[in-house]
Each structure stands twice: as structure tokens, then as C-alpha cells.
Amino acid sequence: MKVLIVGGGGREHAIAVSMKKSKRVDALYCVPGNAGISQIAECNPAIGVMDFDKIVAFGKEKKVDLVFVAPDDPLAAGLVDVLEAEGFRVFGPNKKAAILEASKAFSKDLMKKYHIPTAEYETFDDPEKAIAYLETANMPIVLKADGLALGKGVLICNTLEEAKAGVKEIMQDKHFGSAGDVLVIEEFMTGREVSVLAFVDGRTIHPMASAQDHKRALDGDEGPNTGGMGNFSPSPFYTEEVDAYCRKYIYQPTVDAMAAEGREFKGVIFFGLMLTSEGPKVLEYNARFGDPEAQVVLCRMKNDIMDVVDACIDGTLDQITLAFEEDAAVCVVLASQGYPVSYEKGYVITGLENFDGREDYYCFHAGSKFDSEGHIVTNGGRVLGVTARGKSLQEARKKAYEATEWVNFDNKYMRHDIGKSIEDSVTG
């Protein structure tokens, strides 16, 4: 098969690596791709993820058999629908289903209607009414921009003053653009946060191995929210009991609810969960692989990814048994100093060859490109996802941090505590 991946980050690199391992994939293409993906796929950096016409033309030129749409923006804007109308076989939810992520108000209303456990909430399109509500609400409280905001449109406010400032930032100053036209105000939940990705074929859902993200920019979960500074899989807090509860009350009900609404979902649903004292509750849905969750989950999957992708598209996922290695994986993001606020790009990356031929080590490119002289340089806030597998979380973490020293670039920055609190709690 010839496969085209749409996207150009660490998630797409992890997907490409899995595709490359498939016995059924002969040729791999990626738009726009990045310098790392270009080592294993033919990339076209001139085509962006929202260039629908160009993506269609490129797919036809290369005679691809499958298009894998990975990022949120093109899914929400209906790229799957456009490609299917042109006769392509596509992996990913159509526009009607991708609203599960594209509108937090929609997803919260869906959960309320179908009794899927989540935080109490209210929705507002008028900032004055939002502030009036906040004056009667308990603190801390959570503010969420309704639309897509690169994983950053969530503010946790400890005081009424912070919450009022948050309403101004999201709804009036439009810090997240039109994503903030509607605001979801949600009760603050406490507990362990866990991420679970799941393959879906419209009816059947198969959860993958659990993972745990680190969203804040600085050590100790300080600083602004980011797209993710590191991740590990599996989460020791995602027990068999938690899994059984989520399958019964969250996962299958979500798939059934979407089908009942005439929005059959095919692709990957990301469940952001909070393990509260009252049981697991949904924090958020994403309509695609998470980043960097994909990096720590896909490298542990035993299945040929193409078998699972085909089953999702064809509605035969019930015939697949998902299997994962009995080990752990840790991803440490190497970022540009100053991310996510402001940072410089274009610094030469050295030491990438140190990963060549090493088993259990991966260097997924999130923001890289070739400069005019053919050097691989930094091209984003998150630059690389250094990932390692080990027999335990402790071993995987040790290996991942060792591997972060193999590669360098000016303004390199990382958190030094990815998985540490979990490691301490497990060993303690």
C-alpha cells in the first residue's frame, strides 16, 4: 500500500514510524512532514495541513491507497469529507464526528444528555453573563475556550479576580481567536489525570495503553500550559478496576452517543480523564492521537497498525485484539527556550545520528526542517520528543533522560521531572 500522512509534528513522526514497520506499507508520504519524517517518507513541506486542494492533488499524483489525517484543525474543517468525496480511503473522523473535539460545548452537552460522567459546567457566549455566573461560583474554577486552541485554551483560576481576567483574555481579548467566542465554565476537579487513546470503528471501541501527560512548561507543574512537555505509558493509576468502569460508563457510551446523534465516529478518540474520589470523569475529548501520547503508546503496540486502521474504516474492529508490550515508555520533549510564549527558531540540531540502530530509543521530530545548506534546524516550540522504552517506568525514565544528552541545539530546554512524581509514589 501507498500511505499519505497529513501533519508535520511528533505525533505524525510516531505514526510514520509505526507505518514503516507495517508489512503492508510499501511507500510512505507526508505533508508537510518535517526533517525527521523525511528520513522514512517522501515529504512535501510546501503543502500545509489546511491546503485541502493541494493535498487532494498530491494524493492523486502519488496514487495513494490511504490518507491518514492526524491533526485536529483539518479534521474539524472536514478534510476527511473532502478526500472521501474524491474517492480516497481515509482514516480519521469526518467533520460531523470531529465536533467531539472542535466544540467543548458540544461535547459537554453530549455527556450531559447521555449521562457520561464529567464535571458540572455552564456555557456562555456573553462575557458579562459569564462574569455574573462566576460571582456566584466556587473557586478554583476552570475556563475553557469552546474551539480548538492547540491544547492551550484552558485556564485554571484560583480566585474570582483570576477568573474575571480569564474571561477577558478568552472572550474579549480573543487570546485564542474565534475559539473563545463561546466559553465553557467548569467545576474544578481533583485527582490523578490520565489519558487513554482508543481506536473506534463507529460501533466498537478498543482502548490502547494508558498514558500520562505533563502540560505545564516548567518543573513542578509550574508555568503556562503547553501542548505537552513529556509523557509516559502506562499510568500505574489506571488499574483494571478503573479500566472496567471507563469501558462501561465512558468509552462505549461515548461511541454509542455519537452514533445516536447521527455522528458515527471512526478513527481515534482521546479520552482525557480525571480519577476523582467519585470515580473517573471525562476532562476532555480529542478526535485524534494526542501528542506526545502517540509517541509513548504506538511504540509499545504489538499490532500491525495497518490492520487496525483498516478495521476502523471497515467497521470490523470487533475482529481485532489490541496488544501492547508489558513494558513502559517515557517521552521527554526538548523544546526551544521560551516556549510556549516566544522563542527563536533556526538553530542547527546535532547528535541525531546517536539514535541510529539503537533498540528501544526513538527521537521523534516535532519542530524541525532542513535549512538552505541541508542542516536539520529547529522549527518550532517543541522540537524533539526523546523517547525510550524500559522494563519499568524507572528504567524507561532513566534511559530517556540519558538520551536527551545525545542531541543538542542552542536554546534547548526540557523539564527534568517527567514521570518523577509517579516514580516516587510507586517506589515510595
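Modeller: Asn411 lies in the loop between α12 (393-403) and β22 (412-413). Helices (H or I, at least four residues) and strands (E, at least two) are DSSP runs, numbered from the N terminus. The model is predicted: local features need pLDDT of at least 70, side-chain atom pairs count only at pLDDT 80 or more, and totals for chains, interfaces and linings use all residues. Residues are numbered from 1 along each chain as its sequence is written, and side-chain values use heavy atoms, with hydrogens and water left out.

Colleague: What is the phi of Asn411 near?

Modeller: Most residues other than glycine have a negative phi. Asn411 is not a glycine, yet its phi is positive. The value is near 70°.

Colleague: Is Asn411 buried, partly exposed or exposed?

Modeller: Buried means under 20% relative accessible area, exposed over 50%, and partly exposed in between (1.4 Å probe, protein chains only). Asn411 has 32% relative accessibility, so the residue counts as partly exposed.

Colleague: Which loop holds Lys63, and what is its relative accessible area?

Modeller: Lys63 has a positive phi of about 55° without being a glycine. Its loop runs between α2 (52-61) and β4 (66-69). Lys63 is exposed, with a relative accessible area of 62%.

Colleague: Which residue does a cis peptide bond join to Tyr339?

Modeller: Most peptide bonds are trans. Here omega is about 10°, and the bond is cis.

Colleague: Where does Pro32 lie?

Modeller: The peptide bond from Val31 to Pro32 is cis, with omega near -5°. Pro32 belongs to a strand, residues 27-32. That strand is β2.
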